[in-house]
Amino acid sequence: TYCNTPQHTATQHTATHCNKLTKLKTQMMTILGAKGETLLKRTHGKMINRVITEIYRNPTTFALASGIAEEITTSKEYDKGYIIYNRFRSAIRYDTLCDQFDSADAMVDKMAVFTEKYEFDDEFTEHLHMTDLMHFVLASKIYSRVLENATSETSARMHAMDVASKNCGEILEKLTLNMNKARQAAITEELSMIVSGAAAVGAK
């Protein structure tokens, strides 16, 4: 259906991307939304590590994205991560993209340049601030991508309903025209019978 097109497209890109990374020893997948799990469970079920189904039940918040980011960075060690999502372009167009993000260790190394400009009380405080900053960066990326994806899906739904409404209007017009033709034909037939009957009576 029209409504599922963005989800199906993102799912196909996810499956294709996973197939390209077959050389990796371990692949894990965190899916946002129950439909993604349904579409990928048969072919990539072993890779699914976590399914977050409540992502679109309520308005998406940064707190939810922060929880997802913290869970990703603390639950498992990984070398690279990828976010596959739909970016909104217009009411009838969206692009399916794949954004890469570094591992927790790689992000900490990149932030080391930032820490050189500031002084911290001790190493523990520095590590704590860097961990929070790393989670914030990843949460911001996840949050923006989730919003883009939700916008694309909502736009697709609105377009589908608009097309359905137009189709229903056209069908209604055709049925009304056919009904009017059938009614007119019945009236014409009845009038013909009356006229013929009156003519026959007059002839007698």
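This is a predicted model: local features need pLDDT of at least 70, side-chain atom pairs count only at pLDDT 80 or more; totals for chains, interfaces and linings use all residues.
Me: Which side chain does a polar contact join to that of Asn86?

Reply: The side chain of Thr96 is joined to that of Asn86 by a polar contact of 2.7 Å. Asn86 belongs to strand β3, which covers residues 80-90.

Me: Is Asn86 buried or exposed?

Reply: The cut-off for buried is under 20% relative accessible area. Asn86 has a relative accessibility of 1%, and therefore counts as buried.

Me: Which residues does Asn86 touch, not counting those up to four places away in sequence?

Reply: With those set aside, Asn86 touches Pro6, Gln7, Ala10, Tyr94, Asp95, Thr96, Glu148, Asn149 and Ser152. Ser152, which has its place in helix α5, is likewise worth a look: Ser152 is buried, with a relative accessible area of 2%, and, under the same exclusion of residues up to four places away, it touches Pro6, Asn86, Arg87, Phe88 and Tyr94.

Me: How do β3 and β4 pair, and what joins them?

Reply: In a regular strand the side chains alternate between the two faces of the sheet. Here β3 and strand β4, residues 93-102, pair in the antiparallel sense over 10 bridges, and a hairpin of two residues joins β3 to β4. Within this pairing, Phe88 has Tyr94 of β4 as its bridge partner.

Me: Turning to the nonpolar residues, how many residues has the largest nonpolar core, and which have the most contacts inside it?

Reply: In soluble globular proteins, nonpolar side chains tend to be buried together. The largest nonpolar core of this model has 16 residues, and Leu138 and Ile142 are those with the most contacts inside it. The elements that give two or more residues to this core are α3 (62-75), β3, α4 (104-115) and α5 (123-203), and of these α5 gives the most, with five residues.

Me: With which residues is Ile142 in contact, leaving aside its neighbours within four places in sequence?

Reply: Once those neighbours are left aside, Ile142 is in contact with Ala65, Ile68, Ala69, Ile72 and Ile83.

Me: How many aromatic pairs does a search of the whole structure find?

Reply: A pair of aromatic rings is described by the distance of the centres and the angle of the planes. A search of the whole structure finds two such pairs. In one of them, the ring centres of Phe62 and Phe136 are 5.7 Å apart and the planes stand at 55°, so the pair is tilted. Because Phe62 lies in helix α3 and Phe136 in helix α5, this pair ties together parts that are 74 residues apart in sequence.

Me: What is the geometry of the aromatic pair of Phe62 and Tyr143?

Reply: The pair of Phe62 and Tyr143 is edge-to-face, with 5.6 Å from centre to centre and 85° between the planes. Tyr143 lies in helix α5 and Phe62 in helix α3, so the pair ties together parts that are 81 residues apart in sequence. Phe62, Phe136 and Tyr143 form one aromatic cluster. As for accessibility, Phe62 counts as partly exposed at 29%, Phe136 as partly exposed at 48%, and Tyr143 as partly exposed at 24%.

Key. Residues are numbered from 1 along each chain as its sequence is written. Side-chain values use heavy atoms; hydrogens and water are left out. Helices (H or I, at least four residues) and strands (E, at least two) are DSSP runs, numbered from the N terminus. Buried means under 20% relative accessible area, exposed over 50%, partly exposed in between (1.4 Å probe, protein chains only). A polar contact is a pair of N or O atoms within 3.5 Å; within protein, one must be able to donate a hydrogen and the other to accept it, and residues adjacent in sequence count only if both atoms are side-chain atoms. Contact means heavy atoms within 4.5 Å. A nonpolar core is a set of buried Ala, Val, Leu, Ile, Met, Phe, Trp, Tyr and Cys residues joined through side-chain atoms within 4.5 Å. Rings of Phe, Tyr and Trp (its six-membered ring) pair if their centres lie within 6.5 Å; planes under 30 degrees apart count as stacked, over 60 as edge-to-face and the rest as tilted. Two strands pair if DSSP finds at least two bridges between them.
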